[in-house]
Amino acid sequence: MNFAIEFINTVIKNMKLSAEAKRAEPDGSVEVICTENADVYPAIEVVGDDTGILIGHHGETLDAIQYLVNLALFRRAAGDRGGRESIRITVDIENYRAKREETLRALARRMAARAVKYRRNIFLEPMNPYERRIIHSELQSYPDVSTHSVGSDINRKIVVTYEGTDKAPQRRRGGRGHGRGRGQHRDGEVSTPEAMPLPTLDEE
């Protein structure tokens with residue numbers, strides 16, 4: 001943990017920002033688990049005057065810092081002859097991650113309601129794997145909709161699909177199209193001509 005804090009503080013210092021990384025106060029109701037498949041990890045909190053810059057657009061800068069510190073920890077553990085297990089670290093600023101999760105869950109419910117109202121598929125903007133899991137989880141039990149991801153790498157996004165009994169059949173593109181699933185390209189991505197325009201996370 002000390003190595004991770006020092007690493008982040010070095011990054012902040014090199015960026016010439018007024019902020020500091022420190023060990024986050026643990027939540028007494030949550031047990032911090034440090035195994036490879038854990039859902040809750042030790043947390044580092046960044047405080048100071050320039051924390052907004054460190055969060056970035058939709059948390060992209062914060063995610064980059066978290067990625068770098070975990071990569072540094074992994075390499076340090078791999079080079080340790082003692083075979084010490086690497087620990088994943090969560091980096092947060094002003095409880096941003098919890099706020100972002102609630103925003104995403106609200107977005108998921110809003111887009112699902114729109115899919116049901118218009119009986120059409122809804123594309124969300126590209127998200128990282130962690131944020132996509134939140135959307136999938138929130139809509140797992142939502143009536144008359146399902147979710148799946150399309151695209152690759154940084155352009156991978158979620159489609160909220162209307163699954164009601166009155167769902168309009170999808171139109172086939174081209175004249176033949178034999179040997180393919182309905183509305184699918186050769187690369188396996190789903191084509192949804194009826195989809196609504198791409199909403200953004202800032203859309204009301």
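A salt bridge here is a side-chain nitrogen of Lys or Arg within 4 Å of a carboxyl oxygen of Asp or Glu. Keep that cut-off in mind; the model on screen is predicted.

**Stop 1: Asp92.** Select Asp92, in strand β3 (residues 90–92). Asp92 is buried but has no salt bridge. Which side chain of opposite charge is nearest? Arg97, 4.6 Å away.

**Stop 2: helix α3.** Leu62 leads on to α3, where it is one of the buried residues. Select residues 60–78. The 19 residues should span 27 Å at 1.5 Å a residue, and the end C-alpha atoms are 27 Å apart, which agrees. Colour the buried set: Leu62, Ile65, Gln66, Val69, Asn70, Ala72, Leu73 and Ala77. They cover an arc of only 155° around the axis, so they sit on the same side of α3. Their packing partners are α1 (2–14), α2 (51–55), β3 and α4 (96–118). Turn to the other side of α3 for the exposed Glu60, Tyr67, Phe74, Arg75 and Ala78.

**Stop 3: two positive phi values.** Go to Glu94, in the loop between β3 and α4. Its phi is positive, about 50°, although Glu94 is not a glycine. Glu94 is partly exposed, at 47% relative accessible area. Finish at Asp153, in the loop between β5 (145–150) and β6 (157–162). Asp153 is also no glycine, yet has a positive phi near 55°. Is Asp153 buried or exposed? Exposed, at 69% relative accessibility.

Notes
Residues numbered from 1 in each chain as written. Predicted model: local features only at pLDDT ≥ 70, side-chain atom pairs only at ≥ 80, totals over all residues. Heavy atoms only, no water. Helix = DSSP H or I, 4+ residues; strand = E, 2+ residues; numbered from the N terminus. Buried < 20%, exposed > 50% of the residue type's maximum accessible area, 1.4 Å probe, protein only. Lys, Arg positive; Asp, Glu negative; His and termini not counted. Expected span 1.5 Å × (residues − 1). Arc of directions from axis to C-beta. Contact = heavy atoms within 4.5 Å.
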